[in-house]
Amino acid sequence: MSVPTVSAAATDKVASVVPALLDAPSPVVSRHLSVGCSTGFMVDQRGDWVGLVARSAATSTLAVELSALSQEELPGLIRFLRTDPSMPFHYLSVHAPSKGVGADEAERVRALMDLPSRVRAIVVHPDTMEDLKVWSGLGRRLVVENMDARKNSGQTADQLADVFRALPLAGLCLDIAHAKHVDPSLKGGRAMLDRFAGRLRHVHLSSLDDSGHHVPLTAEDAELFTDLLERCRDVPWILEAPLR
Amino acid sequence: MDTRSPAALSNQAGALERFLKSNGPQGQHLLDARTHTAQRQAVVHAQFAEEALPSDTSVVLFGSWARQELTEGSDDDWAVLVDGTAEDRTDVVGVVELARRHLGDGDRKPGSQGIFGEAISGDELVAKVGLDEDTNTNLTRRALLLLESVEVAGSVHARCRRRVLERYLNYGVKDFRPPRFLLNDIVRYWRTVGVDFEGKHRDTGGDDPKWVERNAKLRTARKVLFAGGLVPILQCHLLAKPDMPDYLDQQLSRPPTDRLAAAFEHYGAIDEGVRFFGAYDRWMELMRDQQARAELAALRFENREASSLFAEIRQIGEALDQALIALLFDTPLSQVARKYAVL
């Protein structure tokens, strides 16, 4: 079986990396050390992992989040990563399925545990976690994301505290747009950082449209989010929508 | 507080405890290790209390003893420090034998590379800086005397450390600039450790049984040690030349985690500091866990990627990197770090 490689494609795109980031709507984003794309917004290429990686590398070779947002995408992603493809990213995370997840939670976690060690973080929505103890097998790689206002749980620091009590090694993925969706003053987002600063591993960065979908970060949100982002200077920021 | 003010640089003692108390619940393993270190140091002090040492010698401990990170699995990296020459000194041989009786039992014996477990001449540390006669051993001893050493018997340790410091500071230092000579040598030591790590891998034909342990320590304790030396040297840009020796002496008398806790606090990198010490606390927890230590010791270069323990330590190391990079390049310290820490 031939090993998929993205290095050539990525190399072709290297010249565009810096301009892409410099084109960010905010200098806070363009000067951040570790920023990259989620493949979640690249819906037209879903399942084409080689293509998704190359497209992500066109924005940044520093970080990436490979998103298997529906359960049926996960086996293909695992197969792709098991081929040990050459990729330029310094930081690699995987977004675990949040849609179409099966009933066998333990089996789902076992599949995620098989992800190779180059995957540094596995981002999970708390509303897909029922039996918290089975998730402990992911150890420090487990990163729990705060939810938007459409969900019933995982929106506030108090709600996340229950998850973290059961999973002492788990980290926090702060989705700032979700935090704003729940509380436009961002007081809730600040409370999450106040309470779980030591757990922060990862930031999701975008704006949301009226229906709660991720859209490019607006200049207004970039300004609004600045004080939170300045508390997250040491962790990777993942763009959940194109730069523009 | 104005971070450009030299007054802000004082009060490193107990900085880690203060940082952890003010900023979060994490850090219990670091604090427990400090308590354990203090208890063991008291025992060792008592063992040596009845012994008469020559007036120009001290028994000095390095490594986790000096970092206040002692665990049950730590080595006793000791040396007899002589404020002068150690050659042809039968009385010094006697102190070495005495130290061997009190330190380094069983698995705690100092490493096998000849750095520790014998007499060290303060004169050589001062005289042989740079060029061929500054061997790896000499460089390592000199850097570690500055960065992580503590006296358990005798009274010349502080004087020898000051002599070494002044070797760097008595020449070419400018007001309100980091002392380049010292900066270059501390950076050289850190890079040498990294290069020698590869040399050991080669010398063992790619099967160094300690590769994983060495790699884990490079990612964690060694990096913290280097950063704990680098930051105070960079902070000298706030000082006039005559103030630097006392400042650096005072900084280096504290463990590197105090120096870094004070810096995270001083430069307002509180969240990053919380994550830094959270990650380092987890490393300390693993080092205090005999099962984890045994698992780490049994891992080899070939099978490390299959180990969730090694994967976690790599993540801990990356968290330390990220927080230190933020401290150096995303705070007011960046102005001096950009100018001096790279080129």
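The model is predicted. Two packed helices are described by the angle between their axes and the distance between the axes.

**Helices α1 and α12 of chain B**

- Helix α1(B) spans residues 15-23, and helix α12(B) spans residues 270-287.
- They pack at an angle of about 110 degrees, and their axes lie 11 Å apart.
- Angles of 65 to 115 degrees count as roughly perpendicular, so α1(B) and α12(B) are roughly perpendicular to each other.
- On α1(B), the contact is made by F19(B), L20(B) and N23(B).
- On α12(B), the partners are I270(B), G273(B), V274(B) and F277(B).
- Five residues of this contact are nonpolar, two are polar and none is charged.

**Helices α6 and α8 of chain B**

- Helix α6(B) covers residues 136-147, and helix α8(B) covers residues 180-203.
- Their axes come within 10 Å and cross at roughly 125 degrees.
- That angle makes α6(B) oblique to α8(B).
- The crossing is left-handed.
- N136(B), L139(B) and A143(B) of α6(B) meet I186(B), Y189(B), T192(B) and D196(B) of α8(B).
- This contact has four nonpolar residues, two polar and one charged.

**Where chain B touches chain A**

- In chain B, 18 residues are in contact with 13 residues of chain A.
- Two elements of chain B give two or more residues to its side of this contact: α12 and α14 (308-329).
- The largest share, nine residues, comes from α14(B).
- The chain B side divides into five nonpolar, six polar and seven charged residues.

Conventions: Residues are numbered from 1 along each chain as its sequence is written. Chains are lettered from A and ligands numbered from 1 in the order in which they are written. This is a predicted model: local features need pLDDT of at least 70, side-chain atom pairs count only at pLDDT 80 or more; totals for chains, interfaces and linings use all residues. Axes are lines fitted to C-alpha atoms, for helices over the stretch in contact, and angles run from 0 to 180 degrees between N-to-C directions. Helices (H or I, at least four residues) and strands (E, at least two) are DSSP runs, numbered from the N terminus. Angles under 35 degrees count as roughly parallel, over 145 as roughly antiparallel, 65 to 115 as roughly perpendicular and the rest as oblique. Two residues are in contact if their C-beta atoms, placed from the backbone, lie within 7 Å. Ala, Val, Leu, Ile, Met, Phe, Trp, Tyr, Cys and Pro count as nonpolar, Asp, Glu, Lys and Arg as charged, and the others, Gly among them, as polar. A crossing is left-handed if the near helix is turned anticlockwise from the far one by less than a right angle, and right-handed if clockwise.
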